[in-house]
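Q: I'm new to reading protein models. Could you walk me through a few features?

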Amino acid sequence: MLRHSSRSLLPSKPHRVRTFHASSSLGWNLREESKLSRPELLDRITRILVLRRLDALKRLPLVFSDDLLDSVLHRLRLNPTACLRFFEFASKQQDYRPDVKGYCKLAHILARARMYEETRAYVDELVSLCRNNYVSFVVWDELERVYRDYGFSPVVFDMILKAYAEKGMVKNALYVFDKMAKCSRVPSLRSCNSLLSRLVRKGESYAAVLVFDQMARMGIVPDTFTCAIMVNANCKNGRVDKAMEFVEEMENAGFEMNIVAYNSLIDGYANCGDMERVERVLKMMANKGVSRNVITYTSVVKGYCKQYKVEKAEKVVQAMEDDKSVVPDGRTYGILLDGYCRISKMDDALRIKDKMLELGFSLNNVICNCLINGYCKFGQLSKAEAFVSQMRNWNLKLDSYGYNALVDGYCREGLIREAFKLCDEMIYKGIEPSAVTYNTLLKGLCRVGDFEDALNLWRLMLERAVAPNEVTLCTLLDVYLKMEDLERAILLWKEILARGFAKSSIVFNTMIHRLCKMGKMAEAEEIFQRMEGQRCLPDEITYRALRDGYCKVGNFKRALAFSSKCQTV
């Protein structure tokens with residue numbers, strides 16, 4: 001009986017254990033899937049993603065599109081993990097890649113969930129898709145639209161600003177910065193610093209000043225790094241006194257300047273050769289307890305070399321060596337060596353070179369080029385050639401700058417044929433002659449009075465698509481004027497004005513000097529008036545040329561007027 005009863009308790013057929021993920025609702029037929037309506041398919045996808053059934057997702061006959069991705073992300077916008085999973089799955093498809101709108105939506109979804117590391121990664125990918133300004137405009141519009149529709153965190157705007165800045169896409173970064181201001185979104189100080197730094201690095205210091213002014217209007221309080229960047233920006237923009245005013249203003253407001261800011265000031269004044277103000281900044285550093293470093297001393301060395309006070313510059317280096325706390329580096333010695341080369345003290349330059357080798361510094365092309373240039377500038381061409389041969393001992397080869405220095409050396413000696421042979425060697429070694437090379441050859445041909453060959457070289461330069469610069473056009477202008485071909489000189493002068501090269505006194509002086517030599521004083525006066533009208537300051541060369549020109553034609557009253565101006569410059 002008991003045996004019979006126990007048998008009756010057993011099921012006639014065993015049942016499989018059913019798990020949660022084996023829900024009957026997910027056991028579908030592929031034929032049935034192809035008949036699903038759009039809403040049903042989206043329901044199926046979102047449910048699979050919520051349940052983390054990626055294997056089931058792979059069995060769906062999906063045709064990926066931007067519209068499908070957009071719809072899924074919209075439905076799952078409050079489930080960032082599911083959105084990320086589907087986006088990654090879509091990105092791995094062979095025949096589909098998400099568009100910028102998909103990236104914008106995902107970035108907002110992840111940022112809302114404070115998944116900042118993932119957000120930054122996808123913002124970086126999004127930025128890499130911005131190959132032109134139009135795409136950048138689309139990205140901003142889409143980010144703004146998603147933000148407006150979802151009401152999510154605006155942190156994405158700041159992230160994309162920083163990403164653009166870090167990748168050097170300053171136009172895109174400025175566009176985002178401007179748009180953020182217009183929609184009352186304040187960027188972070190870190191992103192602003194990144195933008196300012198990149199602008200200065202790209203030579204757009206004036207734009208950096210404008211951005212800083214806008215930051216102040218937005219209520220963004222600068223920090224030490226911001227101040228250092230802005231000092232550097234003003235110095236790079238040639239406004240060193242403005243940089244000093246900024247430092248004093250910020251210090252009066254309670255900000256402390258760091259060594260970077262002071263070094264920028266010193267370097268700015270050193271580049272101008274204003275060593276009195278360099279000393280003033282050094283005293284400010286001492287009063288504030290800011291220690292000097294190798295960059296500080298190197299800028300001081302450069303300043304003295306700019307003034308051709310190279311012996312004084314070497315005393316600064318010796319003070320560094322005696323101090324022991326600040327060790328001169330290769331750049332310090334390189335600047336000192338170049339200083340000696342510029343004043344034709346080649347023995348002293350070689351002494352510094354030997355000292356560098358003794359201290360364990362490796363020679364590089366920059367150092368060698370200084371020596372080659374020094375020899376060539378002061379007529380020691382044979383020594384330059386001997387040094388070039390010696391470079392092989394240091395496994396160094398001539399670069400473009402070195403070749404150009406040698407070409408200049410040959411041209412100075414009137415060895416034009418040898419200069420052209422050297423250019424052929426450059427091309428053979430895979431170094432294309434630059435505008436500097438052509439300018440040097442043009443000047444060399446002019447020195448020996450070979451004007452026709454100079455014009456032929458000019459045509460060759462244009463045929464080879466080498467863009468002429470201010471020096472090229474000035475040299476060519478001098479050729480026409482020396483040939484007394486005033487018609488072509490005037491045509492070229494108009495081209496120089498059209499290209500915007502007539503901004504320095506060099507261009508104007510070339511024209512004025514030659515016209516005065518030809519006795520064309522009316523034309524020279526016209527150029528002089530244009531020079532003053534374009535706020536290009538005349539210098540001693542300008543006034544002397546006009547004085548001599550009027551003396552030549554017998555107009556001593558005008559000559560005397562320009563002679564008196566020579567003394568006031």
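A: Leaving aside neighbours within four places in sequence, Ala-270 is in contact with Val-278, Ser-299, Gly-303 and Lys-306. This is a predicted model, where local features need pLDDT of at least 70, side-chain atom pairs count only at pLDDT 80 or more, and totals for chains, interfaces and linings use all residues. Residues are numbered from 1 along each chain as its sequence is written, and side-chain values use heavy atoms, with hydrogens and water left out.

Q: Which helix holds Ala-270, and is Ala-270 buried or exposed?
A: Helices (H or I, at least four residues) and strands (E, at least two) are DSSP runs, numbered from the N terminus. Ala-270 belongs to helix 16 (residues 259–272). Buried means under 20% relative accessible area, exposed over 50%, and partly exposed in between (1.4 Å probe, protein chains only). Ala-270 has a relative accessible area of 0%, so Ala-270 is buried. Its C-alpha atom is separated by 7.5 Å from that of Lys-306, 36 residues apart along the chain.

Q: What about Asn-193: what does Asn-193 touch?
A: Not counting residues up to four places away in sequence, Asn-193 touches Asp-223, Phe-225, Thr-226 and Ile-229. You'll find Asn-193 in helix 12 (residues 189–201), and with 9% relative accessibility Asn-193 counts as buried.

Q: How do I read two helices side by side? At what angle do helix 28 and helix 30 pack?
A: Axes are lines fitted to C-alpha atoms, for helices over the stretch in contact, and angles run from 0 to 180 degrees between N-to-C directions. Angles under 35 degrees count as roughly parallel, over 145 as roughly antiparallel, 65 to 115 as roughly perpendicular and the rest as oblique. Helix 28 (residues 470–482) and helix 30 (residues 505–517) pack at about 5°, with axes 10 Å apart. That makes helix 28 roughly parallel to helix 30.

Q: Which residues meet there, in helix 28 and helix 30?
A: Glu-470, Cys-474, Leu-477, Asp-478, Leu-481 and Lys-482 of helix 28 meet Ile-506, Val-507, Thr-510, Met-511, Arg-514 and Leu-515 of helix 30.

Q: How far can I trust the protein's model? What is its average pLDDT?
A: pLDDT is the predictor's confidence in each residue, from 0 to 100. The protein averages 87, and 93% of the residues score at least 70. Over residues 1–31, though, pLDDT stays under 50.

Note on methods. Contact = heavy atoms within 4.5 Å.
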